[in-house]
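This report looks at charged pairs and a nonpolar surface patch, and it places the residues concerned along the chain.

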Amino acid sequence: MPGRAPFLRTALLAAALLTATACGTTPEPDASPSGTATPSAAPSEEVAKAAGSVGGPGTACALPVSFSLAEGWEPETVEKPEDPDFAALVEQGPATIVCEAKSEGTSDIGFLRVWTAPKAPARATLTAFVKDDKSKALVLTDVKLGGTAAVEARYSVYSALEEEWRDGRSFAVETAKGTVVVELGGLDAEEEAVVAAYELAKSTFEVA
């Protein structure tokens, strides 16, 4: 299943690091909210140029939504592993990852992951999705994406790889085929070019 390999490599690395943490080789982070840990609301000043799309007919992922991808970003389908021991790696809260676009053609390390969940209010789904990760300082904002009501989340998420708190952001929309969550992540998720790719996805987002 070629579509799942990049994601599973990342997930398996994270799982190994979390196991090391449990064994005492990595200090457990302070999970209490902190004023300094609250993500900045300042948008990226860089504007990404669209060079492709995902979710529509003929694209790499069949989704109930679609949006544009920045130059150098490549999408691929993520299939759920048959082995139940690995199936949990593609699940977070009520959602399951179905597509991942990676910044492989750029100097940055970032990804946009698309998760689907059973049909439910976007706010409830997004809250459960974020809280199922090691996160804090969650702020939810009602937004309009392509004329559709949606919810955006800003928060701090703990990176086991870097052993530090990083800015996290994602958004969710309820569709007739279920609720969709789009998450920004990666080692360079706070870089302007990567944030700009996320903002491009938001500005071009449409429900099929």
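Where is the place of leucine 187? Leucine 187 sits in the loop between β10 (178-185) and α4, where helices (H or I, at least four residues) and strands (E, at least two) are DSSP runs, numbered from the N terminus. The model is predicted, so that local features need pLDDT of at least 70 and side-chain atom pairs count only at pLDDT 80 or more, while totals for chains, interfaces and linings use all residues. Residues are numbered from 1 along each chain as its sequence is written, and side-chain values use heavy atoms, with hydrogens and water left out.

With a relative accessible area of 32%, leucine 187 is partly exposed; buried means under 20% relative accessible area, exposed over 50%, and partly exposed in between (1.4 Å probe, protein chains only). Together with Ile109 and Leu161, Leu187 makes a nonpolar surface patch of about 240 Å². Such patches are made of residues with over 30% relative accessible area and no salt bridge, like charges being joined within 9 Å and nonpolar side chains (Val, Leu, Ile, Met, Phe, Trp, Tyr) within 5 Å. The accessible areas come from the Shrake-Rupley method with a 1.4 Å probe, and for residues only the protein chains shown count as cover.

Turning to charge, the structure holds eleven salt bridges, each defined as a side-chain nitrogen of Lys or Arg within 4 Å of a carboxyl oxygen of Asp or Glu. Among them are the pairs tabulated here.

| Pair | Closest N to O |
|---|---|
| Arginine 154 and aspartate 167 | 3.8 Å |

Because arginine 123 lies in helix α3 (residues 122-131) and aspartate 142 in strand β7 (residues 135-145), their pair ties together parts that are 19 residues apart in sequence. Arginine 123 is partly exposed at 36% relative accessible area, and aspartate 142 is exposed at 56%.

Lysine 202 counts as buried at 14% relative accessibility, and glutamate 152 counts as buried at 11%.

Arginine 154 forms a salt bridge with aspartate 167, linking strand β8 to strand β9 (residues 164-175) across 13 residues. Here arginine 154 is buried, with a relative accessible area of 14%, whereas aspartate 167 is partly exposed at 25%. Finally, a network of salt bridges links Glu162, Glu164, Arg166 and Glu190.
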